[in-house]
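The sequence and coordinates come first.

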Amino acid sequence: MKIRAEYPRPQFVRNEWESLNGEWTFHIVRRASFQKYQEDSNENINSTGFKDKIIVPFAPETALSGVSSDEIINCIFYHRKLNVPLEWRGRRIILHFGAVFYHSEIYINSKLVGFHDGGSSSFELDITDFITFGEDDLVVKVESCLVDGSIPSGKQSCFVHSYACYYQRTTGIWQSVWMEPVSRYGLKRVKMSWAEQDGCIQFTPEYFSINSDLRLRVNIKYGNDETSREVKVVDGVLFSVKIENPVLWRPGNVALYDIRFDVFDGDTVIDNVVSYFGLRTIEIIGNKVYLNGKVLFQRLVLDQGFYPESNWTAPSDQALENDIRLSIAAGFNGARLHQKVFEERYLYHADRLGYLLWEESPSWGLDYNNPGLPARNFLSEWREIVTRDINHPSVIAWTPLNETFLFAVPLVHQRLHKEVYELTKALDKTRPVNDSSGYIHYITDLWTVHLYEQNPEKFSKMIFKNNDDIFRCYPDIEPRYSGQPYFVDEFGGIKWDPMTQYIPELSFSQNLDSWGYGESPSDIEAYYNRLSELVRILISKDFISGYCYTQLTDVEQEKNGIYYYNRKPKFDMKRILEIFSRIPDWADF
């Protein structure tokens, strides 16, 4: 049975590859953290197979892994046999991991190949010098700790069970594992950007290695229009290709250009990569956001990307696409990807469906008061996240942090915001940066607030108190609002749990097993009325550039989704669509 067998990296495709998803063996190290387990570790590194079985890429806490562990896992070992095809001999063999939470060490035949820190970013290792092209033993050691504040872990509960807005954990391998053969002079990555002023696509290629005799040819095609350019192979140097009659990408007009990269040694193609790209601009003019020169009103939904049977990992590629289609059917034109880095195939589906994304790190769990290891872990992982996803046209904003209010040392807090903002801008000057969603801002291109007031009249008064006093979540410790595009990027969160709704005869409306923001509406009409009024208020305020509604689906005990956790609709979707598809008169779309 093939498990998540689709190509994991659809914007950088090679024909020859092999999925390593499926059945592995595993061993959980069960010892207190203060106890040494070096002897156990050495024994496990030398393993040729463990007793228990697991289905990769699903985390051991999930049903689809075949394990359904409910314990807190601080250390886990994985093993599988590795059989690299003989026909790949003579090329470099690259082993890819979509994501492994959190610190991972990779061993082949008991020898350390490499390591990686970062639970949400992709990484790769050249394993050529460690394999025999026979049967090799691949061991992956994974460690994580959710309680010391050293790593960003998002909405994962650090207790055995979920609570409030913290959910089941995702430990170990949770995105696809795969390998491919590549020429020693093959492409490692290519950064792409649209230079509208010049009418050119800009390419910055990076290679595994280079020599003076190599050439790179890029071929670009859209419909019947085709152009190409050939350049000398130079690592990390930008070149441009002129596009005649460019067709721009946007929601409702999903124009994607097919791109092919060929690396030549003489007349021989030694590497070939197939890609795509969307031409679009995102810019801030005054207090508005413009997409391709048109005023954009962003109707986003909070998407936490959890699944009942598989937590952070989508059960199938179709499930990723389906979530986007469900959101569009509800009237949203995009999503704020909340406290999780989604796998690349989700971004691919967003690209081809014309769906706008704010990308965010799983920054919760990080100790903002410690300028040492936590900041180092966070900044290193964020750099990898931005680098991986920078070419996706659907991504229109970066949100490295979320709700950074648990701090005790203001200068340390401000330094982290400043450094991650500057790092993001150094990597990508084409997109706005929301330094910390909602609060507490220090340096930001977008001003965002979270407001869960459920009474529409109070909501309206809070969001705009008077002519020069716009709502800020922490006005005493944030800088003054300075005219950035203003977003209510969390609101609503209306609890609706039909199993525990208000029943007059029983006189209750709350349930310890479920929660949302504020009191549940008394009946379904009251729900629609509250929701409609909250959205109407946001649209009526001409200083507001968009919103993000909480949330797309229920997640475990949090029952404020537009859909149930299993993705079934909770409401009359025609009425929901009518509410969320409204735009203000000043917006082009």
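## Basis

This is a predicted model, in which local features need pLDDT of at least 70 and side-chain atom pairs count only at pLDDT 80 or more, while totals for chains, interfaces and linings use all residues. Residues are numbered from 1 along each chain as its sequence is written, and side-chain values use heavy atoms, with hydrogens and water left out.

## Nonpolar cores

A nonpolar core is here a set of buried Ala, Val, Leu, Ile, Met, Phe, Trp, Tyr and Cys residues joined through side-chain atoms within 4.5 Å. Buried means under 20% relative accessible area, exposed over 50%, and partly exposed in between (1.4 Å probe, protein chains only). The largest such core has 83 residues, and Tyr346, Tyr486, Tyr527, Ile562 and Ile576 have the most contacts inside it. Helix α7 (residues 524–540) gives the largest share of this core, eight residues. Helices (H or I, at least four residues) and strands (E, at least two) are DSSP runs, numbered from the N terminus. A second, separate core has 30 residues, including Ile73, Phe123, Ile173 and Val177.

Contact means heavy atoms within 4.5 Å. Neighbours within four places in sequence aside, the contacts of Tyr486 include Asn287, Trp447, Phe471, Tyr481 and Phe543.

## Helix α2

The 13 residues of helix α2 (residues 317–329) should span 18 Å at 1.5 Å a residue, and the end C-alpha atoms are 19 Å apart, which agrees. The expected span is 1.5 Å times one less than the number of residues.

Among the buried residues of α2 are Leu320, Asp323, Ile324 and Ser327. An α-helix has 3.6 residues a turn, so residues three or four places apart point the same way. The cover over the buried residues of α2 includes β23 (298–303), β24 (334–337) and α3 (344–353). Just after α2, Gly331 has a positive phi of about 105 degrees.

Most residues other than glycine have a negative phi, and most peptide bonds are trans. The bond from Phe101 to Tyr102 is cis, with omega near 10 degrees; Tyr102 sits in the loop between β6 (100–101) and β7 (103–108). Another cis bond joins Tyr439 and Ile440, with omega about 0 degrees, and Ile440 is in the loop between β28 (436–437) and β29 (447–451).

Gln339, in the loop between β24 and α3, has a positive phi near 55 degrees and is buried at 1% relative accessible area. Arg567 belongs to the loop between β33 (544–550) and α8 (573–580) and is buried at 10%.

## Salt bridges

A salt bridge is a side-chain nitrogen of Lys or Arg within 4 Å of a carboxyl oxygen of Asp or Glu. The count by this rule is 33. In one of them, Glu180 pairs with Arg14, the closest N and O atoms being 3.1 Å apart. This pair links strand β12 (residues 177–182) to the segment before β1 (18–19), 166 residues apart. Glu180 is buried at 1% relative accessible area, and Arg14 is buried at 4%.

Asp129 and Arg92 form a salt bridge at 3.5 Å, N to O, joining the loop between β9 (123–126) and β10 (136–143) to strand β5, 37 residues apart. Asp129 is exposed at 65%, whereas Arg92 is partly exposed at 26%. Shared partners join Arg9, Arg14, Glu180 and Asp271 into one network of salt bridges.
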